[in-house]
Amino acid sequence: MYVKATLLFSILFSSFLLSQTTGTVKDQSNDEPLQGVNVTFGETGTATNESGKFSIDVPPGTELEFSHIGYQRISQSAQNDMTVKMSPTVIKSDEIVVRAGLSDETLQKTTASVTVFTANDIRESAADHFQTLIDKIPNLNWAGGTSRPRYFQIRGIGERSHYFGEGAPNFSVGYVMDDMDLSGLGMLGQLYDLDQIEIFKGPQSSVYGANALAGLIALRSTNPTDKFNLKSSLGVGTDNLQSGNAALNLSLMRGLNLRFTGSYNYSDGFRENVSLKITDSNKRQEAFSRMKLRYTPSDNIDVLATVIYSQMSNGYDAWAPDNNPDFKTYSNDKGEDSQRTYGYSLRANFEASENMNITSITSFTETDLVHSYDGDWADSAYYSKIHGWNYTNLGVDYYSIYSVHRNEKNRANLTQEVRMSAGPIILGGYYKHLKEQDIAFDNNGWLIGGATDGNSHYNFQATAGYAQYGLDLSSSLKLKANIRYENNSIIYDGSSQGLDANWEKISLPSINFDIDHSMLGYRASLHSLMDEFTSVYGSLAQGYKSGGVNQQPYLSNESRPYEPEFIRNYEIGLKRSSDKFQSQLSAFYSQRKDQQVSISSQQDKENPNSFLFYTGNAGSGTIQGFELENEYQFLPSVKMNANLGYLDTWVDKFTFQANSETEGTGGNRDAAMSPKITGSIGFFYNNESGIFASALMSFKDEYYFSDSHNQKSESYSIMNLSLGKSFGKTTATLWIRNALDERYTTRGFYFGLIPPNYPDQLWKSYGDPRQFGIKLDYSL
């Protein structure tokens with residue numbers, strides 16, 4: 001029986017190879033290859049790759065049909081190594097290609113809600129960091145509490161912080177730069193010489209794994225080419241802003257090209273520290289460099305190596321005991337929010353045949369993080385003068401004067417992925433090994449559960465296998481299915497010290513714990529091409545996020561681990577694209593299962609740093625809403641962008657241990673960091689004389705700050721403006737951010753700080769005030 005089956009398989013496979021027809025499709029107007037052309041015969045079909053090549057299982061002489069958005073539909077008889085040329089039906093605009101998936105595909109054919117910023121979009125925004133673009137993206141939010149956005153929320157899902165004690169380095173929103181996994185490290189968002197940014201909304205675990213429960217942010221820089229290019233940029237602005245950038249592209253030899261990018265940015269950080277009499281306690285001092293080497297020895301081999309190094313020596317002084325909206329602070333200990341990252345990636349692609357590609361992606365990053373702050377936010381003079389609280393009469397080294405909290409992390413992350421594509425089938429395997437050492441110090445004795453010092457080690461390993469299959473049901477209807485099975489294991493070791501009744505250091509119970517979880521993600525979608533301008537899609541997806549281990553030393557073994565979270569998402573969408581108008585609308589409904597919530601609660605009313613951090617599974621919740629993105633070129637020199645997001649979330653009721661005597665209740669309301677309405681409208685002008693201008697207004701609705709209390713932000717709007725002129729190879733740009741000088745909060749905590757009664761109240765951290773500057777760009 002086995003011999004017969006093997007023989008039958010061999011005969012079928014041989015006939016499959018013998019009946020294949022191959023060819024290339026090009027644009028008749030410029031002879032450039034066309035990607036994403038539908039090639040069909042009856043129920044059989046395929047699409048061209050990025051080189052315009054295709055392979056289809058039909059014998060020579062078969063009448064093939066070729067169709068593509070913006071091109072005339074044609075038919076041609078099949079023959080091996082055929083060349084097909086298609087004529088545009090309209091004035092062809094630059095088509096956006098989404099590159100972060102398992103295979104490249106046009107935005108029009110992507111069956112997901114994806115926001116894309118091209119290099120031109122980034123230039124028009126006059127932005128130098130991803131932070132400036134966030135408010136333009138519907139249903140994307142970020143949590144303050146760091147000098148740059150580090151933690152993101154998509155559709156109401158995502159971490160708000162990762163203090164010592166908040167569990168394993170697992171994140172709901174993936175953050176990838178040039179194939180390097182930087183999830184939870186979003187501060188690294190320099191935009192100079194970036195080619196494209198893609199923000200996937202909704203679960204993407206079937207492709208990207210456990211760090212994409214809510215979605216993915218992918219940044220891709222410009223690749224080396226065989227043409228010499230040199231460009232640079234200099235900028236100055238208010239808040240003592242100084243910036244410099246440069247990019248150099250060289251062809252070293254035939255098939256070997258190099259590109260180097262360097263970037264430096266400094267500003268004081270918009271704070272005046274009254275206690276220390278300085279204006280740079282909240283500074284941003286950021287240096288970034290990247291080198292890319294591309295080697296293409298032949299048409300079927302492509303190797304791309306990327307190396308990055310970043311040193312962000314930022315201060316952190318964002319909180320004040322009077323909630324000062326004028327950006328004055330009173331801390332007597334300098335805070336720090338620094339990040340040093342080194343990383344590399346190696347992507348190798350081998351085109352074994354017209355129908356088979358093998359891709360290997362290797363990446364490694366190592367990051368050192370330091371986050372520290374003055375725990376009581378002010379010196380003794382402030383509390384004495386403003387609140388009449390004289391610490392010198394207490395006769396002891398009272399904690400509120402000497403509180404310093406410091407957290408140091410070292411994270412090393414190695415990933416290896418290998419995938420093979422054969423026609424409509426993609427098979428792949430994935431491996432990840434992450435090690436994180438987490439060291440923290442707080443001289444109050446309230447680091448976690450009464451600890452003064454903590455030292456934890458996470459050893460995290462993930463292995464996964466995945467598959468994708470695409471099937472053309474007809475010339476206009478395509479089915480795509482993805483599945484991914486992943487196993488995560490975590491080994492955790494932690495030790496800590498505390499203080500006894502006499503304020504003497506003692507060792508607290510050590511923790512040695514390991515867990516192992518297996519998870520399944522999947523996605524099925526249907527894409528229908530209604531006409532050459534319009535397509536619709538529907539999808540069903542399940543995403544997942546790995547479980548973890550709580551670091552709190554006094555938890556029982558039963559309470560220490562928390563389980564993986566799963567989400568099931570139903571989505572429909574419509575996309576329309578022409579030479580003047582692009583639009584996409586996505587509506588979704590999601591069900592969360594074993595929802596992970598991060599709880600923080602103040603344990604000692606007279607100690608503002610006595611917070612217990614705990615992650616647990618809260619039961620279930622739902623998410624529903626939509627995203628609408630439009631771009632309209634209503635005049636040759638004027639275009640408009642209008643984006644709108646609506647989000648309705650719900651978290652079922654859950655309980656948690658607020659302190660040793662009280663059980664707290666959460667949920668039964670909207671999720672934290674989930675504004676119901678987000679939106680933006682922008683106008684962009686660019687004429688033939690080189691004059692350009694932009695005006696962008698964004699809006700964000702109110703939202704809950706935390707799962708642990710019911711305090712909300714206020715809604716706000718931000719306006720950004722720019723005006724510029726090109727003079728040959730030089731461009732001058734004047735820009736203004738937050739032109740209306742809106743005071744808006746990015747993070748809120750609710751606890752007792754002010755002596756002697758320590759009443760609970762809301763404490764706010766504010767976003768950047770108005771800033772303006774000028775930038776000069778030169779390109780050779």
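Leaving aside neighbours within four places in sequence, Thr22 is in contact with Phe54, Ser55, Gln79, Asn80, Asp81, Met82 and Glu354, where contact means heavy atoms within 4.5 Å. The model is a predicted one, in which local features need pLDDT of at least 70 and side-chain atom pairs count only at pLDDT 80 or more, while totals for chains, interfaces and linings use all residues. Residues are numbered from 1 along each chain as its sequence is written, and side-chain values use heavy atoms, with hydrogens and water left out.

Thr22 belongs to strand β1; helices (H or I, at least four residues) and strands (E, at least two) are DSSP runs, numbered from the N terminus. With a relative accessible area of 10%, Thr22 is buried, because buried means under 20%, exposed over 50% and partly exposed in between, for a 1.4 Å probe and protein chains only. Met82, one of the contacts of Thr22, stands 60 residues apart from Thr22 along the chain, yet their C-alpha atoms are separated by 6.6 Å.

The setting of β1 is an open sheet of three strands in the order β4-β1-β7, with mixed pairing. Its edge strands, β4 (53–57) and β7 (82–86), each pair on one side only; two strands pair if DSSP finds at least two bridges between them. On average, neighbouring strands of this sheet are turned by 35° against each other, direction ignored; the axes are lines fitted to C-alpha atoms, for helices over the stretch in contact, and angles run from 0 to 180 degrees between N-to-C directions. Strand β1 (residues 20–27) runs antiparallel to β4 and is joined to β4 by five bridges. Gly23, for example, has Phe54 of β4 as its bridge partner.

Val37 is placed in the loop between β1 and β2 (38–41). Beyond its neighbours within four places in sequence, its contacts include Val25, Thr46, Phe66, Met86 and Lys109. The C-alpha atoms of Val37 and Tyr71, 34 residues apart along the chain, are separated by 9.4 Å.

On the surface, Ile301, Phe350, Ile358, Val418, Met420, Ile425, Leu427, Tyr469 and Leu471 form a nonpolar patch with about 660 Å² of accessible area together. Strands β26 (404–422), β27 (425–442) and β28 (451–472) each give two or more residues to this patch. Patches are made of residues with over 30% relative accessible area and no salt bridge, like charges being joined within 9 Å and nonpolar side chains (Val, Leu, Ile, Met, Phe, Trp, Tyr) within 5 Å. A salt bridge is a side-chain nitrogen of Lys or Arg within 4 Å of a carboxyl oxygen of Asp or Glu. Accessible areas come from the Shrake-Rupley method with a 1.4 Å probe, and for residues only the protein chains shown count as cover. Val418, in strand β26, counts as partly exposed at 41% relative accessibility.
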